[in-house]
Amino acid sequence: MKKLMTLLAAVALVGSMAHAALAGDTLADVKKKGVLVAGVKDSLPPFGYIDEKTREIVGYDIDFVKAIAKKLNVKVELKPVTSASRMPQLMEGNIDIIAATMTKNPERAKQIDFSHTYFLTGQKFITNKGKVKSLKDLEGKKIGTAKGSTSEQNVAKAIPTATVLSFDDYPQAFLALQQGKVAAVTTDESILAGILGKAPNKNKFEIPNLQISEEPYGLGMRKDDKNFVAFVNKTLLEMEKSGEAKKIFDKWFGPKTATPLKRTFKITADK
Amino acid sequence: MLKYHFDWSIVTSGKYFDWLVSGLKITLELSSVSIVLAFLLGLLIAVMRMSHIKPIRFIASAYLEFFRNTPLLVQIFFWYFGSYKILPTAVNDWLNSTNFEFAAAVIALTIYTSAFIAEDIRSGILSIPKEQMEAARSAGFSFLRSMQYIILPQAVRITVPPLVNQFLNLAKNSSLAMTIGVMELTYQARQVESYTFKGFEAFTAATLVYLVISVSITWAVHVYDRRVLNPQKAG
């Protein structure tokens, strides 16, 4: 009985430690601290990855964070996050903004606020060449993706008979595809293009034209942090107007890059 | 100001409850299969360690040191991803057509835990006066038969408390299988969290279930110990 009481006490202690972050004014805080802490991906070219030469995290997401920090006249601190960890990190105040290939969706919008869409893509598959012509070819197969992503939820809906294997990140899921452990890896086309661009045996894989969802990316900020959200949105719209946003896109997805994509969107104010 | 709204209903009924139950089922399968295999393998390694034949003793020691001193997570990745490079294509194809995630987790958990169990059983064997072995041998039992009929039955009895620890560790360590996509309890709790953002509820539920599993294992071994192995201890 005594043991049980100790146990209950331990459970109660853990419970009391679960705290929720306060809704504050990040804009003022960041200006005061002089540094903007951004949660980014660090193994996901071309959005956020470690440059082999400089050993620094670079990418599409990072350029947007840097532009916002420049506008604020503060320094940038990049903190690697995963799909599963980014929202808790933000809500607990460890980071000020999420710039980590994050799809805007209504469930997430209940917990955090999103900026205007700064990147638009769709969820597709990467498979062995010639193996997958339609979604039917993936029925009953194992499909790899990353934990805590929208990709995981979309594919479970699109192909209910498939077994979704969720790994810690996409490179690991792609390794499983290379080893034949899964029939396909699914996530946003832009990410798949990045994975394929870096793969040593590119010509064995392809991205068939099968889109199962549209994925608008937004920068994530704490709920009810109105000043900060307004500032970020204003900055994004200015970047579109000045052509800076397009320049960043071309830098990472232009025809000469390893991941050429068409820019099918413009940054506009959300309705 | 606590802004978090607790919603325990998500883990007590409906779809997410079903997920957790299916995760629990896998955790129980994974743990029970691995516990049985790890115990048998541990017994074998312990006996090999006591052998009079030097190479056998050496193999057992090397096995023990190797698997006891490397992280379980690394071993899981090794069996799942690393083994691909050293196995023939046909074997890989066959493995991939099966539930290899589960099998790789069982292999890793079994081998890792068996190293610890072997050490526990060995100390149990060492606590049996060596005259018993000598007596058994002079009575005409072979080494293995002496072990089987005289030494091990006593050694295992003494080893029960540390064995319980290893079983508990194994059941809890099984949560690492989530890293290779085995949909056990922790995996499902994480799923519930990423669908609902109710991490506190999901992981509290998982915590309580692990607690129940651990307490059940302790209790089951205790009962077995008092009823079958050491009835004299029962008051």
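**Close-up views of a two-chain predicted model**

View 1. Look for Gly39(A) here: its bridge partner in E6(A) is Ile98(A). This is a predicted model, in which local features need pLDDT of at least 70 and side-chain atom pairs count only at pLDDT 80 or more, while totals for chains, interfaces and linings use all residues. Residues are numbered from 1 along each chain as its sequence is written, and chains are lettered from A, with ligands numbered from 1, in the order in which they are written. Strands (E, at least two residues) and helices (H or I, at least four) are DSSP runs numbered from the N terminus. E1(A) and strand E6 (residues 97-99) of chain A pair in the parallel sense over 3 bridges; to pair, two strands need at least two bridges found by DSSP. E1(A) also pairs with strand E5 (residues 75-80) of chain A, in the parallel sense over 6 bridges, and there Val40(A) has Pro80(A) as its bridge partner. Of the 6 residues of E1(A) (residues 35-40), 5 are buried, so this strand is largely enclosed by the rest of the structure. Here a residue is buried if 20 or more other C-beta atoms lie within 10 Å of its own, exposed if 12 or fewer, and partly exposed in between, with C-beta atoms placed from the backbone.

**View 2. Asn233(A) in helix H9 of chain A.** You will find Asn233(A) in helix H9 (residues 226-242). Asn233(A) is buried because 21 other C-beta atoms lie within 10 Å. Leaving aside residues up to four places away in sequence, Asn233(A) touches Ser115(A) and His116(A); contact means C-beta atoms, placed from the backbone, within 7 Å. Phe114(A) is 119 residues away from Asn233(A) in sequence, yet their C-alpha atoms are 9.2 Å apart.

**View 3. Helices H2(B) and H8(B).** H2 (residues 14-49) and H8 (residues 143-173) of chain B pack at an angle of about 135°, with axes 11 Å apart. Angles under 35 degrees count as roughly parallel, over 145 as roughly antiparallel, 65 to 115 as roughly perpendicular and the rest as oblique, so H2(B) and H8(B) are oblique to each other. Among the residues that meet are Ser31(B) and Val47(B) in H2(B), and Met147(B) and Phe167(B) in H8(B).

**View 4. Where chain A meets chain B.** In this view, 18 residues of chain A are in contact with 19 residues of chain B. Helix H4 (86-91) and strand E10 (163-167) of chain A are the elements giving two or more residues to the chain A side. E10(A) gives the most, with 3 residues.

Note on methods. Two residues are in contact if their C-beta atoms, placed from the backbone, lie within 7 Å. Axes are lines fitted to C-alpha atoms, for helices over the stretch in contact, and angles run from 0 to 180 degrees between N-to-C directions.
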